There are 2 protein chains.
Amino acid sequence: MRPLAGRLDLCSINTATLGYQAPIEETIEAAARAGFGAIAPWRRELEGRSAAHVARRIREAGLEVSGYCRSTYIPAADQAAFEANIADNRRAVDQAAELRAACFVMVVGGLPEGSKDLAGARAQVLEGTGLLLEHARAAGVPLALEPLHPMYCADRACLSTLEQALDFCDILDPGRNGTIGVAVDVYHVWWDPRLEGQIARAGRDHRLLAFHVCDWLVPTRDLLLDRGMMGDGVVDLPRIREWMEQAGYAARVEVEIFSQDNWWKRAPAQTLAVCAERLQSVC
Amino acid sequence: MRPLAGRLDLCSINTATLGYQAPIEETIEAAARAGFGAIAPWRRELEGRSAAHVARRIREAGLEVSGYCRSTYIPAADQAAFEANIADNRRAVDQAAELRAACFVMVVGGLPEGSKDLAGARAQVLEGTGLLLEHARAAGVPLALEPLHPMYCADRACLSTLEQALDFCDILDPGRNGTIGVAVDVYHVWWDPRLEGQIARAGRDHRLLAFHVCDWLVPTRDLLLDRGMMGDGVVDLPRIREWMEQAGYAARVEVEIFSQDNWWKRAPAQTLAVCAERLQSVC
């Protein structure tokens with residue numbers, strides 16, 4: 001396994017970790033100053049700016065882009081809304097291309113308002129991702145399907161396991177040409193009895209596009225915004241990173257922490273420093 | 001699929017649904033008055049009482065016992081604590097036998113304090129359940145492994161999917177002699193892409209011992225105590241019940257709702273009436 005001590009260049013900071021307290025230009029500078037090799041920005045941070053401008057600032061700071069967050073949810077209550085979601089995602093893929101993002105992170109969405117049709121929502125995700133894939137291929141941006149923790153199945157992502165995400169990849173890209181794969185976030189998958197085997201499968205099929213770390217806190221006080229800093233929870237991070245690297249993953253280790261009551265209340269520079277220290281000591 | 005309208009005798013009330021507001025004797029009377037055919041009591045309700053006394057009250061009320069809740073968590077930080085957990089569960093199995101419970105519900109526990117060794121915790125669950133199985137067989141009480149939602153993996157049950165629970169059953173009971181099976185609770189498994197197939201597998205192997213219903217609310221405000229009343233959430237309950245019954249499940253449909261800020265604040269008789277109505281109209 002790659003040692004991370006002294007190798008923050010192998011690491012990336014997902015800007016959500018800093019709670020969107022500063023404009024993206026400042027966040028880019030802070031990430032570079034802290035020694036990170038890459039950054040993963042969110043679409044909201046590009047609002048009112050051109051992607052070209054942000055891309056230039058990132059390059060000037062010496063950073064790469066480990067991923068661009070994230071897709072508009074796909075499932076919709078009617079065809080027009082479904083198509084609008086895909087069109088929106090095409091525009092986001094274009095931004096990802098301008099940013100030279102290593103992947104476009106797909107949080108696929110849950111059940112449409114008022115629906116209990118889980119199989120239908122999943123079918124919409126498969127169809128919608130297929131519609132987006134050709135555009136992504138042309139733009140040169142791989143799509144990274146991110147299975148989310150099952151507790152988000154209803155409202156954020158009905159793609160709930162790594163196996164399911166890989167099954168979707170196989171249907172959409174039987175040739176395994178690298179245009180679609182998965183984002184593995186420990187927060188979402190650490191509990192999965194099939195995790196080790198599915199990471200190995202993803203590696204064999206060249207599907208490992210991103211690796212996100214944080215920690216699962218006990219107790220967890222909020223379903224969405226109470227993720228822990230690496231080392232503060234119960235996830236065996238080195239074990240999962242070892243599975244990733246044994247499967248051939250050689251890209252960035254990206255920190256992504258949603259933490260309304262703790263890390264988002266701290267100064268970004270402090271959070272960056274703690275992320276940097278923990279990446280090198282406990283991941 | 002069995003119609004439930006007019007057939008509350010096919011239904012059971014898990015006493016947790018009523019928030020433990022009344023002593024078990026009153027809860028038994030209330031459940032019988034509301035028309036339920038069975039009840040699922042908790043160990044805390046038997047404290048200070050003999051199981052024989054409670055069993056007699058249940059029989060006199062004309063109720064059966066769909067399950068007895070629940071096991072002491074198995075994984076422990078040291079061998080002595082592990083053995084104490086198994087001994088504790090043996091005593092609970094004896095109570096379940098006196099109650100003539102259809103099964104002893106096993107919520108297996110998560111990571112021992114301070115541990116990140118998920119594989120180790122799961123190995124303890126397998127070993128501990130094996131140790132308990134012989135006692136349960138002698139007592140005539142089937143063990144029902146209950147996979148819990150992955151959001152409880154750290155602190156309540158490292159058994160996270162129906163498939164994993166069935167894999168454990170196969171290891172412990174390759175002869176499929178009916179002494180161990182699963183409790184399928186929609187709250188824990190509704191999201192699982194493999195659910196339909198695993199329910200069918202469980203049915204083929206005579207492992208379907210219990211079926212619990214409630215609903216998944218959007219939003220869910222608390223990881224443990226914000227379950228919804230059937231019909232108030234997003235779970236397609238008839239679909240899952242159909243899968244159960246197609247797989248051969250012919251026992252009770254049991255309501256189990258943990259709801260600190262809603263149902264637990266209401267009078268038990270009112271909650272029972274709403275449960276009865278929803279069982280007959282939306283399940």
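Across the interface of chain A and chain B of this predicted model, the rule finds 2 salt bridges, a salt bridge being a side-chain nitrogen of Lys or Arg within 4 Å of a carboxyl oxygen of Asp or Glu. In one of the salt bridges found by that rule, B:Arg194 pairs with A:Glu163, with the closest N and O atoms 2.8 Å apart.

In this interface 34 residues of chain A are in contact (heavy atoms within 4.5 Å) with 34 residues of chain B. The area buried between the two chains, meaning the accessible area (1.4 Å probe) lost on putting them together and summed over both, is about 2,400 Å², with 66% given by carbon and sulfur atoms. Of the area that chain A buries against chain B, A:Lys116, A:Trp191 and A:Leu223 supply 24%, more than any other three residues.

A search of the whole structure finds 2 cavities of 30 Å³ or more, where a cavity is a set of points on a 1 Å grid over the protein atoms alone at which a 1.4 Å probe fits but cannot get out, and lining residues have an atom within 4 Å of a point.

Residues are numbered from 1 along each chain as its sequence is written, and chains are lettered from A in the order in which they are written. Local features need pLDDT of at least 70, side-chain atom pairs count only at pLDDT 80 or more, and totals for chains, interfaces and linings use all residues, while side-chain values use heavy atoms, with hydrogens and water left out.

Technical notes. 1 Å grid on protein atoms, 1.4 Å probe; cavity = no way out; pocket = protein on both sides within 12 Å on 5 of 7 lines; lining within 4 Å. Points joined across faces, edges and corners; volume = space filled by probe spheres on them.
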